[in-house]
Amino acid sequence: MRKAEVLEEVLSEVEKVVIGKRSVVEKVMMAILAKGNILLDDVPGVGKTTLAMAIGKTLGLAYKRLQFTPDVLPSDIVGFSIYDKETASLTYMPGVIHQANLLLGDEINRTSSKTQSALLEAMEEGQVTVDGQTHPLKNPFIVIATQNHVGTAGTQMLPHAQMDRFLIKISIGYPDLKSQMDIIREGGGQNQLKNIEPLMNTEDVLSMQEEVERIFMKESVVEYIAKLTSASRDCEWIELGLGPRGALAVSRMSKACAYLHGRDYVIPEDVQEVFFDVTAHRIRLSRRAKIEQCSIEQALMQVIQKVKVPDMEGME
């Protein structure tokens, strides 16, 4: 079976429990193919946890869920060392992070900044360091974290450095009327999770991730991404523009977008499709933008409009 057909089956399987949110499911799948971490930011009850569980089960990945609360410690995540009297040495006890290909960090903003930062090395390098010893994680390793902006008392905002480790930040949003009726009839996504079938395994995911890395990107598209990055730094409404990591993130996500759409090359429309999800959490609005009540989306739209779209003649 062709990879495009397999991916279509995966998306359709996840849509059994995340109804009417095709675009969101596609973006999460793109991020996984691009070896990226995902931040789901939305109000409670729209299916953030259900989406993560459905993706993990459909892809056949080892899945673990960690409910973040104020008393969760860094050692709960990355593990710790204990003294072994028999060997007179320290023995490493792995944390929950070592048991997963896909780690769901539920309500990550409900735990301390110290605990949040314990994920930084894992998210960036696929390893953790405890007492000077480095321990590799499972491959692939993906973090899907959730947070909601309702009832923020006692929460800890993610620092910009950690926000930058997430390839994309997306919201699921409320369902439309038809989708809401379907959800009511079927009793919600949690009831349907037991019917989800694994359609891939870790080897399949790794193979697809390697193929995404090999997606061709024409020099004009590389320049297009670079110019968008520069435009974000020059925009009067943006105080903190995209850095090199942000530009690389746009490139990786664009390749995954092309792959999901069945192409082995990137076109400017791929870049535009993923640009907002990759960049909105990486920039900071200027004081002028806040005074003029300019949103992040409006600022990024200005960036898009300032940069000429390259001609892709001959690529079809």
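Of the 316 residues of the protein chain, 51% count as buried, where buried means under 20% relative accessible area, exposed over 50%, and partly exposed in between, with a 1.4 Å probe and protein chains only. The model is a predicted one, in which local features need pLDDT of at least 70 and side-chain atom pairs count only at pLDDT 80 or more, while totals for chains, interfaces and linings use all residues. Residues are numbered from 1 along each chain as its sequence is written, and side-chain values use heavy atoms, with hydrogens and water left out.

**Overall fold**

- The protein chain holds 15 helices and 11 strands, these being DSSP runs numbered from the N terminus, with helices (H or I) of at least four residues and strands (E) of at least two.
- For 316 residues a compact globule would have a radius of gyration near 20 Å, and the 20 Å of the protein chain agrees with this; the radius is taken over C-alpha atoms, and the globule rule is 2.2 Å times the number of residues to the power 0.38.
- Taken along the principal axes, the box filled by the C-alpha atoms of the protein chain is roughly 70 × 45 × 40 Å.
- Of the contacts in the protein chain between residues at least 6 apart in sequence, 78% join residues at least 24 apart, a contact being heavy atoms within 4.5 Å.
- The accessible surface of the protein chain comes to about 15,300 Å², of which 52% belongs to carbon and sulfur atoms; the areas come from the Shrake-Rupley method with a 1.4 Å probe, and for residues only the protein chains shown count as cover.

**Helix α10**

- Helix α10 (residues 202-213) has 12 residues and should span 16 Å at 1.5 Å a residue, which agrees with the 17 Å between its end C-alpha atoms; the expected span is 1.5 Å times one less than the number of residues.
- The buried residues in α10 are T202, V205, M208, Q209 and V212. Seen down the axis of α10, its buried residues fall within an arc of 130°, so they line one face of the helix, the arc being that of the directions from the helix axis to the C-beta atoms.
- The cover over the buried residues of α10 includes α1 (3-14), α2 (22-33), β8 (142-147) and α12 (244-260).

**Backbone geometry in loops**

- Most residues other than glycine have a negative phi, and most peptide bonds are trans.
- K35, in the loop between α2 and β1 (37-41), has a positive phi near 60° without being a glycine, and K35 is partly exposed at a relative accessible area of 40%.
- D131, in the loop between β6 (127-130) and β7, likewise is not a glycine and has a positive phi of about 55°; D131 is exposed, with a relative accessible area of 55%.
- The peptide bond from N139 to P140 is cis, with omega near 5°, and P140 is found in the loop between β7 (133-136) and β8.

**A buried and an exposed loop residue**

- R282, in the loop between α13 (268-279) and β11 (284-285), counts as buried at 3% relative accessibility.
- Leaving aside residues up to four places away in sequence, R282 touches H160, D164, F166, L167, L240, G241, L242, R245, G246 and A249.
- E86, in the loop between β3 (80-84) and β4 (89-93), is exposed, with a relative accessible area of 78%.
- The C-alpha atoms of E86 and V43 are separated by 51 Å, although the two residues are 43 residues apart along the chain.
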